[in-house]
Amino acid sequence: MSDPFVVVGGDAAGMSAASKARRDDPDRDIVVFEKGEWVSYGACGLPYYVKGEIQSLEDLVSVTPEEFREERDIDLRTGHEVVEIDTDERTVTAEGDSGRVVQPYGHLLIATGSEAVVPPIDGTDREGVYTLGSMSDGKELREYVARARDGEDLQQPDRGPACRYLEDCTGPVAVVGGGYIGIEMAEALAANGFEVNLFQRGDRVLKGFSDETSEYVADHLREEDVALHLDAEVRELSGGERVEAVVTADGRIEVEMVLIGTGVRPRTELAEAAGIELGETGAIATDAYRETSAPDVYAAGDCAEATHVVTGEPAYVPLALTANRHGRAVGQTVTGTPTEGGDIAGTAAVKAFDVEAARTGILDPDEARAAGFDPVTETVTAKSRAGYYPDGGNVTITLTADRDSERVLGASLVSEYGEGAVHRSHAIVAALSEGATVADLENYDLAYAPPFNTTWDPILVAAKVLAESVRETESDP
């Protein structure tokens, strides 16, 4: 056919788009270029693979390349890197083992994802310095852990014991970055017997969460013997051929391995070279249907901006659900049913040993003011289950609203693992999506049963307290 749908990138957004397009148009030519060997995999599960809770990399794969090719009739070309997009000629050029390929497109989706940020620190190129941005990264880290543990419990199922010649390897290691990946990897390494040092440039971990949530998580990390180094900007990863120490302004800490988890940035080089506009966040700018500044060229997933449901402004929050949702919408759009895919609230969750935390919306007061709001915030700690029900705990909720409109702006929640902080965040997402006020939220008809919550769920308690606070500030002279 003369109107193929071409996708650059074979992970969440790309394969969701290709699969939806195939279902909606069985006769369409669909070509996907992926430079690696893996497609449609759950990168969010990599810390748990490194930890040993997930036994095989293949367990993280949702659909194999063979299934895409044979069952879904998608022309998936792994091992092919797209090196050029020509929006005038409507072609992409890819390079693979078989040579150079020029592929015409009718519609094109750029789903190039994100890449790990490696900060400008001397020594990041030394052996023993890792990132966790791909399946191959996860494999390398798992093999390191397996060697350090003498192969115990962590052997690759198809390779046998990874190593049996290193002794006393589970010594001090470093994690640079106190965000999601940093905290999850601190848990993974500590669970395997390593002495973990976590370095955070700012004064708290989980910067995008509330102060109360960050403090709760930090205290628990210390309880689990993770050495937290806050306000500690790493200046150098020193050593010879292999990393030997982390150097900060406060001194030098000897380590055997360093994991850099300082965030990700969008892969936009291919789009930029094609003259496609980037947004103010640095990711690819799109309209509500994910179409870029180039006609019939779309962008979705971790390389693209989205619209924030609270501010109505572009935002860059690279998360799996957004990639899948927007990819699926593009698949519908290019087959004749224009679909927006929806805005984002920046909803995210993290597990830190025996603690769970979630956040959504706008929490930072400066960010709220820049968006035209006058934020009011309250923090409430309430029972997670009926007081007479055994084994309950507490949930701490920080809730923010606009003083004038009383609109809910965001929330941060934290509890012991299993006590519901993450699932309770879903009610806040609903409130943000419909522009609810704190009074509206206070009257949400949430489910109640003693094993799950109290009659007045902590969400309702927090909304009640914040509503009273907003009214009091409104009445102040």
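Visitor: Which residue in S5 is the bridge partner of Val-82?

Guide: Strands of a sheet pair through backbone hydrogen bonds, either parallel or antiparallel. In this predicted model, Val-82 has Ala-94 in S5 as its bridge partner. Strands here are DSSP runs of E with at least two residues, and helices are runs of H or I with at least four, numbered from the N terminus. S4 and strand S5 (residues 91-96) run antiparallel and are joined by six bridges; two strands pair if DSSP finds at least two bridges between them.

Visitor: Which strands stand at the edges of the sheet?

Guide: The open sheet has three strands in the order S4-S5-S6, with antiparallel pairing. Strand S4 (80-86) and strand S6 (99-104) are at the edges; each has a single partner strand, so one side of each lacks a neighbour in the sheet.

Visitor: Which residues of H10 are buried?

Guide: An α-helix has 3.6 residues a turn, so residues three or four places apart point the same way. The buried residues of H10 include Ala-421, Arg-424, Ile-428 and Leu-432; buried means under 20% relative accessible area, exposed over 50%, partly exposed in between (1.4 Å probe, protein chains only). Gly-435, with a positive phi near 65 degrees, follows H10.

Visitor: What limits apply to the numbering and values?

Guide: Residues are numbered from 1 along each chain as its sequence is written, and side-chain values use heavy atoms, leaving out hydrogens and water. Local features need pLDDT of at least 70 and side-chain atom pairs count only at pLDDT 80 or more, while totals for chains, interfaces and linings use all residues.
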